[in-house]
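Please have the sequence and the 3D view open as you read.

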Amino acid sequence: SELSEEQRLQIWKLSYRIWNTCVDIANSIQQQQPPGRAAVDSSAEYHARLRQIASEMLFLAGAVGSIRSSTLKMATFFLRSGTTWHKIRNYKSAAGCFERATEIVSRDNVFSSIGTREEQQFMFDLCLARSRTAWEMSHKALASSLLGRARGFLQDSLERYQELADVYLLYGKSLLALQDSESKAESVKYVEQAYEICSEALKGSCKSKSEEQTVTSQKLTILRYIAAGQLQNGNFEGVLKCVSVLKGSSDHPSTSFLAFKALLGLSRFEEAEEELIALISHDKAAVEVCLSALTFLIEETTQQLDVAKKAFFVLLSRFSSTTDVCASIIEKLLKQASPADPMSRKRVEVALSIATDDRVLKRFSACAGPRLHNPLLHCRKELESMHALLWNWQVGSDFFQAKDYPTAIRLFEAAMHYLPAEEETTMRAKALRVLCLCYLGLLQYDRAAEYVDAAEKLEPNVSCSFLKFKICLQINDEVGAANQVSKMIKCADFEPEYLTLASHEAVACKNIKVAVSALSNMLVMISSNSRPPAGTKEVTVFRNLIFLALQDLKCQDEAVKYLKQARQRLLETGAETFLGSGSSAEKEASWFAGCAWNQGLAAAKTQDWKTCEELFACASDFYALLSDTAENLQSLETSLLLTVAALLMICNESDTEKLKLATVYMEKCRKLLTLPSQVHASLLLKSPTFASTDFYMNLLAFDLKGKMKEYKEQLEIMYRCASLPGFKPDYFFKMAMHACNGDGSNTEVPIAAFKSCLNLLLSSAAPDYKRAAIIMRKLIVLSDQRNKDGPEVLKLYREAKHMLLGLQNGVYPSEEIQWLVSTAWNRAALQVKLSRLPGAEQWMNIALELLSHAPAMEPQRQGM
């Protein structure tokens, strides 16, 4: 329904009350927020919504009477509401408000027929506001179009000209900051539009000299951005054109900066040098701008580094109290220096010439001064920075690691000029030690000795003794090297790791004797309960001794001796005392276990079963200390089994002590299979070699019981194995062969094992009849030992006959069939001689039945 004029007026009043409330809220928000920032929070959004409501209410009420300003007021409310949404970065809502404002003024023909100056200003503000929001929403075409509309509302207003130029410049600067080439090219167009607008303003909008100067200043600023844009786009000639205009109109330091970069891009080096010197000499040029130009020169070309050096000293003379200039330039020069790049040598040379120049050193010396009275305490940081740059920041240490020792020496010596006073003694001693290493690398041992002697006078420590040890090794001074090892041990800052390093150095010089003798003396000192050097652990000494002995084939026996001693000390003192605790103890135990394992395997290859047994026993003791992972438990179980195997190789039935020891190790191994923790059990089951290890354990147990003549237990082991999943016939065969190797008094066990093997073999999908033939002969021979030609033997021949039924020729070995035929007939002949005709008839029948499977013997059928 239509609203009455009174209702419209009431809505307008209510809308204004809300709007005034919004003004209060805006003032409150402005006081709470930091200057220049518009945070997006609940209060700011609430404020924007209230403004939107007030605007919508005015729009609902419509124009009051025939007053034209009411329409403009409605549009103004939407413009300001949109501006509020824009400030809190809700660009979608802002664009909606601006579009509503545009619709209102377009509907009443305000856009086409501009009346008052107020309406012109409104339309200008609306176009700019819409353009800014469209730009934020990446609608560049719309934003540009709206700026074009805004140009229609300038009406000789200087403020509008300047504001529009600023917006064009803002868009150009934002595009210039982007990295893609398309944006950089487009940015110049916007900045050129700003330049054109300023030119138009100068033609008729400036009413005073001061206004003309203001616009001219703005125009020159824009021209500098045009030059910057051309520089980004690689249009160096265009930059120089802008520079020529700028030089004739202003004396801004950025003009020389732009000219310098453009000339450098055109390889006009002499002119670029002139512009660089002009920039650095300019009294208004900030140090940051000068450093930027120098940095650009250093990073872009290696050919002009002498120019950079010259410009640096001009800059240093201008900013005499700024020491960070030196550090910054040294950093830029050395940043790209690399031992692998021959061109970087020039950078290092220039950096060194600057760092060691008397003017620079004097500046730092004056800045450092007495610390208690010097207010420039920040200079300490600059000293540390210079020292770090020359010492180890991609430079000194890199050249050292690349073995470019002459360059590294120069860098390290230059770094020594920048040692902070508080740490000068310690850091100088460190530098002298590093220089000693450099001369060692150059094989100049006399110079190296001079530097380490100087370092020791400043700061005597284990590092100096170690370096002297290295020098003695290099000149084959065994006595001197041994003395230095003894001296190292007595140093207050001695750490066991130095023994490892000494071992490595001795091995590298093929002089193991020096390190072994020193460590042996130290081990004697510890084992005799003398006070060991601080921080020295017995286990570390053992480890290093074994490691060294293993490096020389002539010292293998020494390694085994120390492994046995280490095991003995472990059993005497306990794991925690010998190895320590925590992860380090785990690492030590793992190392000793692995070492003993490897030496045990080596002893097994030479069939030194006694040493093999001792080493695998040693390995098992150390493996037992490791965490219960599948790998560690498997290694423990295997080392125990190999210990038992080695014992069984060197003992016989009468050696009861060794058999008891083997039984102990076997029981330890068996306990691993019955661990209470289900986690441990599952870890073992995950091991891919678990099953074969279990079978191997049963084979060893079977052999052990045989040597102990416990045949009943042997049978129990065999029957238990038959129930294990995946138990192969080969395992039964091995058991049977072990049982056959005894004194022959027991035939029950091998017969049972061979029978189990044969049954398992024949039950497979593709039986191995060659193996079956061997087993059949073994069974017949063993049964003959129990009862010559007895029923059990006859039964075996009949089983062989049934096995051959249905087999193709050649599947069962022909020689074994012939053996069966021949032996059966011979048994029949023996029965005839003994006048046992029924028995003879049985054997003859068996022989004739088997003969049908032996084609090669068929000619003998008539005689048989």
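## Salt bridges across the model

Searching the whole structure turns up 32 salt bridges, each being a side-chain nitrogen of Lys or Arg within 4 Å of a carboxyl oxygen of Asp or Glu. Side chains of opposite charge can pair when their charged atoms come close.

A word on the source: the model is predicted, so local features need pLDDT of at least 70 and side-chain atom pairs count only at pLDDT 80 or more, while totals for chains, interfaces and linings use all residues. Residues are numbered from 1 along each chain as its sequence is written, and side-chain values use heavy atoms, with hydrogens and water left out.

Let's begin with Glu275 and Lys247, whose side chains form a salt bridge at 2.5 Å, N to O. Glu275 sits in helix α12 (residues 269-281) and Lys247 in helix α10 (residues 236-249), so this pair ties together parts 28 residues apart in sequence. Helices here are DSSP runs (H or I, at least four residues), just as strands are (E, at least two), numbered from the N terminus. Glu275 is buried at 12% relative accessibility, whereas Lys247 is partly exposed at 44%. For these words, buried means under 20% relative accessible area, exposed over 50%, and partly exposed in between (1.4 Å probe, protein chains only).

Glu614 and Lys564 also meet in a salt bridge, at 2.5 Å from N to O. Since Glu614 belongs to helix α31 (residues 609-623) and Lys564 to helix α28 (residues 556-573), the pair ties together parts that are 50 residues apart in sequence. Glu614 is buried, with a relative accessible area of 19%, and Lys564 is partly exposed at 34%.

## A further pair and a network

Arg359 and Asp357 form a salt bridge too, with their closest N and O atoms 3.0 Å apart. Arg359 is partly exposed at 46% relative accessibility, while Asp357 is buried at 16%.

Which residues join up in a network of salt bridges? They are Asp453, Glu456, Lys468 and Lys487.

## Around Lys184

Is Lys184 buried or exposed? Lys184 counts as buried, at 13% relative accessibility, and lies in helix α8 (residues 181-204).

Setting aside neighbours within four places in sequence, Lys184 is in contact (heavy atoms within 4.5 Å) with Leu175, Leu176, Leu178, Gln179, Gln232 and Asn233. Lys184 and Asn233 are 49 residues apart in sequence and 6.4 Å apart in space, C-alpha to C-alpha.
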